[in-house]
Amino acid sequence: MPTILGQNQYGKAENRVVKITRDGDTHHIKDLNVSVALSGDLDDVHYNGSNANCLPTDTTKNTCFAFAKEYGIESAEQYGIHLARHFVDSQPSIHRARIRIEEYSWERIGGSDSNSKFIGADEVKHSFVRKGQETRLAQITYDGEQFEVLSGLKDLTVMNSTNSEFWGYIKDKYTTLQEDYDRILATSLSTWWRHNWTSDEQRMPSWERSYEQAKKHILHAFVETYSLSLQQTLYQMGSRVINNRSEIDEIRFSAPNKHHFRQDLSPFGLDNEAKDGAVYYAADRPYGLIEATILRDGVEPKIPVDMTNL
């Protein structure tokens with residue numbers, strides 16, 4: 001039976017690019033994990049092994065490092081836009097480039113309050129500790145005419161120790177879960193949001209501010225929503241972002257419900273009520289997985305439903 005070639009792409013995955021910028025004695029870090037995927041006129045390399053239209057993956061790796069030095073890294077998004085544009089515009093055989101970036105955050109370590117000095121310096125501004133919260137995400141796709149810029153984050157773990165309930169759900173012969181009117185709500189958020197900037201003809205967003213503001217609105221909505229379901233909380237978080245950030249048209253969440261069950265202490269003659277300050281068992285699996293897309297009215301969804309296969 002004859003076969004034909006379907007969708008294909010290639011590139012160099014997980015280039016660890018760390019850029020140090022020195023502003024006098026004050027240093028700044030951009031720590032990225034960059035993956036490049038290219039597609040275009042690549043039939044011959046699959047059918048007969050001709051590499052005539054194939055830019056080596058080693059070259060894509062070198063370009064990632066060279067661009068970090070030549071142009072700097074203002075933001076993950078801006079850096080990815082530079083790379084995607086370069087691969088498509090400089091290579092006739094490449095018609096589409098996708099740059100996927102994880103950014104790892106660092107925060108500055110301050111000196112001690114003692115009078116001791118480090119190698120004679122008045123203040124240390126080049127020491128950092130890796131932040132343990134979320135990993136920032138960016139994905140930039142360019143087809144020679146338009147960009148698609150997705151930003152996001154993963155592994156942002158949040159908890160409300162009250163102001164959450166779960167009751168009134170369907171019950172059948174297999175239901176054992178008890179209704180709860182004062183429960184812990186905890187999740188580890190993964191989310192992507194899509195910007196409506198697509199070309200140089202539009203005003204480009206401030207990517208750093210956009211990210212910080214989107215994250216802020218997500219967290220504020222989590223805090224300020226009295227939750228009757230995790231679904232309700234996700235909708236409120238997405239709506240808050242869309243309503244406050246005009247550059248964002250679509251946001252998708254994937255949220256595992258990190259269950260905390262009140263431990264039964266009655267065999268020991270102990271009450272364990274939430275109102276008194278309860279003891280919980282934190283279950284890592286199985287877990288409820290809640291996912292949802294929130295859109296600006298009139299906008300078509302473009303973020304894939306399966307976020308693990310973007």
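**Salt bridges in a predicted model**

Asp-284 forms a salt bridge with Arg-285, and their closest N and O atoms lie 3.7 Å apart. A salt bridge here means a side-chain nitrogen of Lys or Arg within 4 Å of a carboxyl oxygen of Asp or Glu. By this rule the count is 18 salt bridges.

This is a predicted model: local features need pLDDT of at least 70, side-chain atom pairs count only at pLDDT 80 or more, and totals for chains, interfaces and linings use all residues. Residues are numbered from 1 along each chain as its sequence is written, and side-chain values use heavy atoms, with hydrogens and water left out.

**Pairs with exposed partners**

- Asp-284 and Arg-285 are both exposed (over 50% relative accessible area, with a 1.4 Å probe and protein chains only; buried is under 20%, partly exposed in between).
- Asp-276 forms a salt bridge with Lys-275, with closest N and O atoms 3.5 Å apart.
- Both Asp-276 and Lys-275 are exposed.

**A network of shared partners**

- Salt bridges that share partners join Lys-30, Glu-77, Glu-103, Arg-136 and Glu-208 into one network.

- Lys-30 pairs with Glu-208 in a salt bridge, with closest N and O atoms 3.1 Å apart.
- This pair links distant parts of the chain, 178 residues apart: Lys-30 is in strand S2 (residues 26-40) and Glu-208 in helix H4 (residues 207-224).
- Helices (H or I, at least four residues) and strands (E, at least two) are DSSP runs, numbered from the N terminus.
- Lys-30 counts as buried because its relative accessibility is 13%.
- Glu-208 is partly exposed, because its relative accessible area is 29%.
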